[in-house]
Amino acid sequence: MAIPAGVFPGLKSNSNLHLYSSLPSSLLSNKKALNRFNSGIHKLKTRRLHSEVRPKAMFLENPVMGDLIATALSGGIALSMLRLWEETAKRGVFDQKTNRKLVHISIGLVFMLCWPMFSSGRQGAILASLIPGLNIIKMLLLGLGLWKDDATVKSMSRFGDHRELLKGPLYYAFTITLACAVYWRYSPIAIGLICNLCAGDGIADIVGRRFGKQKLPYNKNKSFAGSIAMASAGFLASIGYLHYFSLFGYIQESSHTVFGFLFVSLAAALVESHPISTELDDNLTVPLTSVLVGSLVL
């Protein structure tokens, strides 16, 4: 039977005409049933689009093997980044503090770029978290003096003391592992957590040391320039990764999430500038703040 024009507002081409031409006349005369049918077709198309955009179990149809390959690739990329900064530390390309902060900025952000390689569900999250998880063990062994690696110690410590790795670098590795294993790529909290820890805190130190002449009234060790740079870098990086993960269909972009990231970055910058972060460690206080505030606004 002929289908009246305007009955199916969602029908924009003849490619789906067969879906409607096979319907019984009783359904065609029922507007509520037609609306439900059109809604079902739209949802089916949306799921199909997401399944085409979202990567399958990496490389192979076997999700376990695909995740193992993704783990090897992600681990290799992270190790290569560490080796790069170890070499720059050895050769004195950057001063000790700058080199340390470049490690701080890059490792977590580059690792998060690898998350789409893993399969969906807990299996992908757990296997991905093994990469920073192994780094926790490495920091413990180096910090306790059970394993000697001068290049790693020099690239991650402020003063070249291996015991420093039991604080900031250990907290850093634990934070990335937590964000990966618990929140994973479907939660904006993971994005805000890693971006404010890596991009925000790292940029704050570099900008603050170079342009931070005007100090904060409540903390003479921090500057307005550093705090503004931290909030800006953490927020912009969060927006960038929100868009990145939305391309794969993991997270939906919205103004609510954008404003949520803004609040998280401002709160993280405020806590980082407080003297308590100097006494404890900003690699501990910034992640805690990001999780607490993120749980409320994201």
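Predicted model: local features only at pLDDT ≥ 70, side-chain atom pairs only at ≥ 80, totals over all residues.
As for geometry, the axes of α4 (residues 63–91) and α6 (residues 122–143) come within 9 Å and cross at roughly 30°. Angles under 35 degrees count as roughly parallel, so α4 and α6 are described as roughly parallel to each other. The crossing of these two helices is right-handed.

Helix α4 also holds Thr88. With a relative accessible area of 10%, Thr88 falls under the 20% cut-off and is therefore buried. Setting aside residues up to four places away in sequence, Thr88 touches Val93, Phe94 and Asn99.

Next comes the pairing of α5 with α9. The axes of α5 (residues 96–113) and α9 come within 9 Å, and the crossing angle is roughly 160°. Angles over 145 degrees count as roughly antiparallel, and α5 and α9 are therefore placed in that class. Here α5 passes α9 in a left-handed crossing. The residues of this contact divide into 12 nonpolar, four polar and five charged.

Lys101 sits in α5 and, despite its charged side chain, is buried, with a relative accessible area of 3%. What does Lys101 touch, once its neighbours within four places in sequence are left aside? The contacts are Asp201, Gly202, Asp205 and Ile206. Helix α9 covers residues 188–211, and Asp201 also turns up in the contact that α9 makes with α10.

That contact joins α9 to helix α10 (residues 224–247), with axes that come within 7 Å and cross at roughly 145°. In this case α9 passes α10 in a right-handed crossing. From α9, the contact takes in Ile191, Gly192, Cys195, Asn196, Ala199, Gly200, Asp201, Ile203, Ala204, Val207, Gly208 and Phe211. From α10 come Ala225, Gly226, Ala229, Met230, Ala233, Gly234, Ala237, Ser238, Tyr241, Leu242 and Phe245. By class, the contact of α9 with α10 has 15 nonpolar residues, seven polar ones and one charged.

The loop between α8 (168–183) and α9 (188–211) contains Trp184. Most residues other than glycine have a negative phi. Trp184, though not a glycine, has a positive phi of about 60°. Is this tryptophan buried or exposed? At 1% relative accessibility, Trp184 counts as buried.

Strand β1 (residues 215–216) and strand β2 (residues 219–223) pair in the antiparallel sense over two bridges. The two strands form a hairpin, with two residues between them. Within this pairing, Leu216 stands opposite Asn219 in β2.

Methods: Residues numbered from 1 in each chain as written. Heavy atoms only, no water. Axes fitted to C-alpha atoms, helices over the stretch in contact; angles between N-to-C directions. Helix = DSSP H or I, 4+ residues; strand = E, 2+ residues; numbered from the N terminus. Parallel < 35°, antiparallel > 145°, perpendicular 65-115°, else oblique. Left-handed = near helix turned anticlockwise from the far one by under 90°. Pairing = 2+ DSSP bridges. Buried < 20%, exposed > 50% of the residue type's maximum accessible area, 1.4 Å probe, protein only. Contact = heavy atoms within 4.5 Å.
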